[in-house]
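Subject: Structure for your review

Dear colleague,

I am passing on the structure we spoke about, and below it you will find my notes on what came out of the analysis. Please read them with the coordinates open beside you.

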Amino acid sequence: TAHPRTGSATLALAALGVVFGDIGTSPLYAFQTAFTDGAGLRVRAEDVLGILSLFVWSLLVVVTVKYVLYVMRASNDGEGGIMALMALASRRAASSRERAAIVVLGVAGVALFYGDSVITPAISVLSAMEGMTVAAPGFDRWVLPATLAVLALLFVVQRHGTARVGVLFGPVMVVWFAVIGLLGALAIADDPGVLRSLSPTYAAAFVADRPWTAFVALGAVVLCITGGEALYADMGHFGRAPIRRAWFLAVLPALFLNYMGQGALLIDDPTAVDSPFYRLVPGWGQIPMVILATVATVIASQAVISGAFSVTRQAVQLGFLPRLGIRHTSEREIGQIYVPSINWLLLGAVVALVVGFRSSSNLASAYGIAVTGTLAIDTILAFVVVRVLWGKPRWLVAAGATGFLLVDLAFFGANTTKIVHGGWFPLAIAATAFTLLMTWRRGRDLLARRLRAEEVAITDFLYGITTRPPTRVPGTAVFLTATGDGTPRALLHNVEHNHVLHEHVVLFTAVTLEVPHVRDEERLAIEELGYGLVRVTASYGFQDQPDIPAALRLARRTGLKLELETASYFLNHVTVMPTRAKGLATWRKRLFVGMHRNATNAATFFNLPADQVIELGTRVAI
């Protein structure tokens, strides 16, 4: 999270590098795709002005009005993004059915985000590399190898973190937006008439005259707003004001100018439709522009990859994914994390995309479906927040939601025509992610119910050790338990088989709240149970990383006698056995068991000292 003393101008500069990379590199392929993806558009003035007008008003309505001015007001303690929005909306849900519907919507949005995370690096870097064919026509056969090399390098360096090179992101993107804005302005100067497309009448006339062509063309128009949702997702890192300032002062003007410039060029020279972005660049500047574009697309890809890591951590914390290995790559920035399993899965999918689709124009067919689905889900969840948290009247909420949803669903509908041409790929990734997320959530609930059914009440355990006292040994034992009221199985096993009980016993439960962060002074709830036993419940936000030794050091400050340097941490290692009992389809139980088996060890996840951990096993049938 951004430091409160960091200057707003500095934050706006940093936001340029992280937040706007995706939407800022869309001019590389968006306008070109509109005329080359089979929508039936002709490169003539009325079609160019109509498409330009649709581009302009999509940026104004969807990104500016919906995200910048409206959705960004729905913050979960300063955090944004689909997971934060889902947690915020479900926290105040009126009924369990409403809460379940919100959770399904939120998980669907996260699943679509994973589909988007695969396509953004592929299409961005590939479109930048294709610029070399304009500067050097013989470069065609090197486009794919060069793209794969750049992408492989990008994913390989993730484990080192981006803190060191991240300081360059903002300045590079300042240069990028200045250059693309200037190139557009120079082309507009040759044909100022193109500015007429700022009027919505051109978009309206285009839609009225050729409704089917306009509808299909929306599948390409949506490419100009891909990455718009990042404004909201990254709000927790930079704050609302710096993102808004960067959008209005730098990004939006540069995008307007560049798209207008590409339009002016096409009206003047229809043959430039093969690469209108690079045709704006003078011959001497084309190779430097390819280099700048490549760096800009790498920055855009980095932002999406970092976003995938962040969403994954939130999903783990909120109970939608098993524990995964999460490494912190910066001591100063809490958001700088690296998730190896997600990194390599993304790389594999990105390589498959590039090799399978082979060009940015082919990839554009696959791009819009995931983005438009996310836009619609954001709209629904945001209006749930407006109704439930802000208490706005139903008619106002319904009117606003209907207006934005009509736009979102028009874009989504236009992209359904592309499912057979590549749109199936992000949908397949999203369907797989949705299945994994929901299966883990359902399986986890089922396992918790089974464990609770066999749980011994702490009062019964205390009665047992008073009637038949075990041998007490010096030192501290910490027993991890998922529930906050029963007796940990590992504690029962230890007393039953070893017939000993430590002098100080801590029953430790980590709880994730539906808020981004929990302050240290609000983290712990401590309950003395008697006979040397104490229950410690530590609360974490979905952006926090649980650290049990740190929490216990905090507890020691309250006066608890804990010998943490020599403490023993007892874990209950659960082996899950799938059965044909009701509760979950058998194949999903098997999937859950596979995910459970491959989860990161609890000792590693909770930062326990390896040489002080003792695991006791148990089998549970679900």
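This is a predicted model: local features need pLDDT of at least 70, side-chain atom pairs count only at pLDDT 80 or more; totals for chains, interfaces and linings use all residues.

Which residue's side chain meets that of Lys 66 in a salt bridge? The partner is Asp 408, with a distance of 3.0 Å from N to O.

Other salt bridges

The structure holds 9 salt bridges. As a general point, side chains of opposite charge can pair when their charged atoms come close. One of the bridges joins the side chains of Asp 47 and Arg 44, at 3.5 Å from N to O. Here the two partners fall into separate accessibility classes: Asp 47 counts as buried, with 1% relative accessibility, whereas Arg 44 counts as partly exposed, with 29%. Both residues also belong to a network of salt bridges, in which Arg 44, Glu 46, Asp 47 and Arg 210 are linked.

A further salt bridge is formed by Arg 523 with Asp 520, and the closest N and O atoms of that pair are 3.2 Å apart. Arg 523 counts as buried at 10% relative accessibility, while Asp 520, at 45%, counts as partly exposed.

Strand 6 runs antiparallel to strand 5 (residues 524-530), and 6 bridges join the two strands. Within this pairing, Ile 526 has Val 536 of strand 6 as its bridge partner. The hairpin made by strand 5 and strand 6 has 2 residues between the strands, and in this hairpin Tyr 531 takes a positive phi near 60°.

Aromatic pairs

How many aromatic pairs does a search of the whole structure find? The search gives 18. In one of them, Phe 55 and Tyr 259 have ring centres 4.9 Å apart and planes at 70°, so the pair is edge-to-face. Because Phe 55 lies in helix 4 and Tyr 259 in helix 14, this pair ties together parts that are 204 residues apart in sequence. Phe 55 counts as buried at 0% relative accessibility, and Tyr 259 is buried too, with a relative accessible area of 2%.

Another pair is that of Trp 212 and Phe 215, whose ring centres are 5.5 Å apart and whose planes stand at 35°, so that this pair is tilted. Trp 212 and Phe 215 are 3 residues apart in helix 11 (residues 211-221), which means that about one helical turn separates them. Trp 212 is exposed, with a relative accessible area of 58%, and Phe 215 is partly exposed, with 26%. Returning to Phe 55 and Tyr 259, ring pairs link these two residues with Phe 31 and Phe 35 into a cluster.

Val 65, Leu 69, Phe 248 and Leu 249 make a nonpolar surface patch of about 380 Å². Helix 4 and helix 14 (240-268) each supply at least two residues of this patch. Leu 249 lies in helix 14, and at 67% relative accessibility Leu 249 counts as exposed.

Note on methods. Residues are numbered from 1 along each chain as its sequence is written. Side-chain values use heavy atoms; hydrogens and water are left out. A salt bridge is a side-chain nitrogen of Lys or Arg within 4 Å of a carboxyl oxygen of Asp or Glu. Buried means under 20% relative accessible area, exposed over 50%, partly exposed in between (1.4 Å probe, protein chains only). Patches are made of residues with over 30% relative accessible area and no salt bridge: like charges are joined within 9 Å, nonpolar side chains (Val, Leu, Ile, Met, Phe, Trp, Tyr) within 5 Å. Accessible areas come from the Shrake-Rupley method with a 1.4 Å probe; for residues, only the protein chains shown count as cover. Helices (H or I, at least four residues) and strands (E, at least two) are DSSP runs, numbered from the N terminus. Two strands pair if DSSP finds at least two bridges between them. Rings of Phe, Tyr and Trp (its six-membered ring) pair if their centres lie within 6.5 Å; planes under 30 degrees apart count as stacked, over 60 as edge-to-face and the rest as tilted.
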